[in-house]
Amino acid sequence: MRLLRFLLLVLVARPLALLMTGADVSGRERLPLKGPAIIAANHASHVDTLLMLSIFPSRAVSKLRPAAAADYFLRDPVIGWFSRHVIGIVPVARSKAGRRAASGENEDVLAPARAALAAGEIVLVFPEGTRGDGATDAMGQLKGGVARLAEAFPDAPVIPVWIQGAGRVLPKGASVPVPLNCAVLVGEPVAWTGKRAPFMDALREAMLALKAQAPPLRWSDEP
C-alpha cells in the first residue's frame, strides 16, 4: 500500500497539481525530509493539501501526513479509502473537538496526529481549522491544536507555510478547479516557547510575514 501511495502521489497527483497551479515555491530547502516535524499552513482550498504533497521531494513525500477533518473525508467509503491510503490523512474529529471544549472531556482528538509524529512522520496541519476566504487570502483565527502538538513534541520543527492563490483554483463550495498560478512560501521553523499563547503569536506572525512576501500571481481572474 505504501508503494501504491508513493506511485500515485509522484506520478499522478504531483503532475496534476503542477498543471493546475504552476506551484512557484520559495524556501523549498526548509521543508523537512523526515519527522517528527510539523508543517503549519494557511487554508483556503482543498487544493492546499494536493499542492503541499506535490512540492515535497520524492524521498520525503511518503512521510507527509495531512491532518484532515474526519467528518468530511471519511463520510463516504470510497472517499475515505482514498483519503487514508493515498492522501495519507490523519483524521481529526472536529465534532468531538467542539464537544471536548464545551464539556471539558479528556478525549484526545489529536491522537492520530500524535501517533504519526511519534512514528517519525511529517504532519501537515491547517491551524485555521477550516477553509478561509480564498478570494482575499485573508487568514482566520488559528486554533490551538498545533500548539498542543508542539508541546508534546518540543524538539520537532514547526515550519510555517503560506499558500497564495489556491482559493481561486478551487474556491470553497466549488467542485471544478480552474488553472491559476499559485505560490508557496516556506519559512524558518518556529521554536516551541514553553507556553502556548506566545508560541501561537509567533506562528501567526511568521505566517503573516510570509504572506507579505508573496509575489503577485502570474495569472489572475481580475480584469
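At what angle do the axes of helix H7 (residues 111-118) and H8 cross, and within what distance do they come? The views below take up this crossing after an overview.

**View 1. Overview of the predicted model.** This is a predicted model, in which local features need pLDDT of at least 70, side-chain atom pairs count only at pLDDT 80 or more, and totals for chains, interfaces and linings use all residues. Residues are numbered from 1 along each chain as its sequence is written, and side-chain values use heavy atoms, with hydrogens and water left out. The protein has 10 helices and 7 strands; helices (H or I, at least four residues) and strands (E, at least two) are DSSP runs, numbered from the N terminus. Of its 223 residues, 48% count as buried, where buried means under 20% relative accessible area, exposed over 50%, and partly exposed in between, with a 1.4 Å probe and protein chains only. Among contacts between residues at least 6 apart in sequence, 76% join residues at least 24 apart; contact means heavy atoms within 4.5 Å.

**View 2. The open sheet.** The 7 strands form an open sheet with mixed pairing, in the order E1-E7-E6-E2-E5-E3-E4. Strand E1 (24-26) and strand E4 (90-92) stand at the edges with a single partner strand each, so one side of each has no neighbour in the sheet. From one strand to the next, the twist averages 25°. Two strands pair if DSSP finds at least two bridges between them. Strand E3 (residues 64-69) and strand E5 (residues 122-125) run parallel and are joined by 3 bridges. Arg 65 has Val 123 in E5 as its bridge partner.

**View 3. Helices packed on the sheet.** Helix H2 (residues 47-55) packs on the sheet and touches E1, E2, E3, E5, E6 and E7. The direction of H2 makes about 120° with that of E6. Helix H10 (residues 196-213) also packs on the sheet, where it touches E2, E6 and E7, and its direction makes about 35° with that of E6. Axes are lines fitted to C-alpha atoms, for helices over the stretch in contact, and angles run from 0 to 180 degrees between N-to-C directions.

**View 4. Strand E6 and its two partners.** In strand E6 (residues 158-164), 7 of the 7 residues are buried, so the strand is largely enclosed by the rest of the structure. In a regular strand the side chains alternate between the two faces of the sheet. Here both faces are covered: Val 158, Pro 160, Trp 162 and Gln 164 are buried on one side, and Ile 159, Val 161 and Ile 163 on the other. Strand E2 (residues 37-41) runs parallel to E6, with 4 bridges joining the two. Val 161 stands opposite Val 186 in E7.

**View 5. Helices H7 and H8.** The axes of H7 and H8 cross at roughly 35° and come within 11 Å. The crossing is right-handed; a crossing is left-handed if the near helix is turned anticlockwise from the far one by less than a right angle, and right-handed if clockwise. Ala 113, Arg 114 and Leu 117 of H7 make the contact with Arg 148, Leu 149 and Ala 152 of H8. By class, these residues divide into 4 nonpolar, no polar and 2 charged. Ala, Val, Leu, Ile, Met, Phe, Trp, Tyr, Cys and Pro count as nonpolar, Asp, Glu, Lys and Arg as charged, and the others, Gly among them, as polar.

**View 6. Helices H8 and H10.** Helix H8 (residues 145-152) packs against H10 at an angle of about 115°, with the axes 10 Å apart. That makes H8 roughly perpendicular to H10, a term for angles of 65 to 115 degrees, whereas those under 35 count as roughly parallel, over 145 as roughly antiparallel, and the rest as oblique. H8 passes H10 in a right-handed crossing. Val 146, Ala 147, Arg 148, Ala 150 and Glu 151 of H8 meet Arg 196, Phe 199, Met 200 and Leu 203 of H10. This contact has 6 nonpolar, no polar and 3 charged residues.

**View 7. Surroundings of Thr 49.** Thr 49 lies in helix H2 and is buried, with a relative accessible area of 14%. Not counting residues up to four places away in sequence, Thr 49 touches Pro 66, Ile 87 and Phe 126. The C-alpha atoms of Thr 49 and Phe 126 are separated by 9.4 Å, although the two residues are 77 residues apart along the chain.
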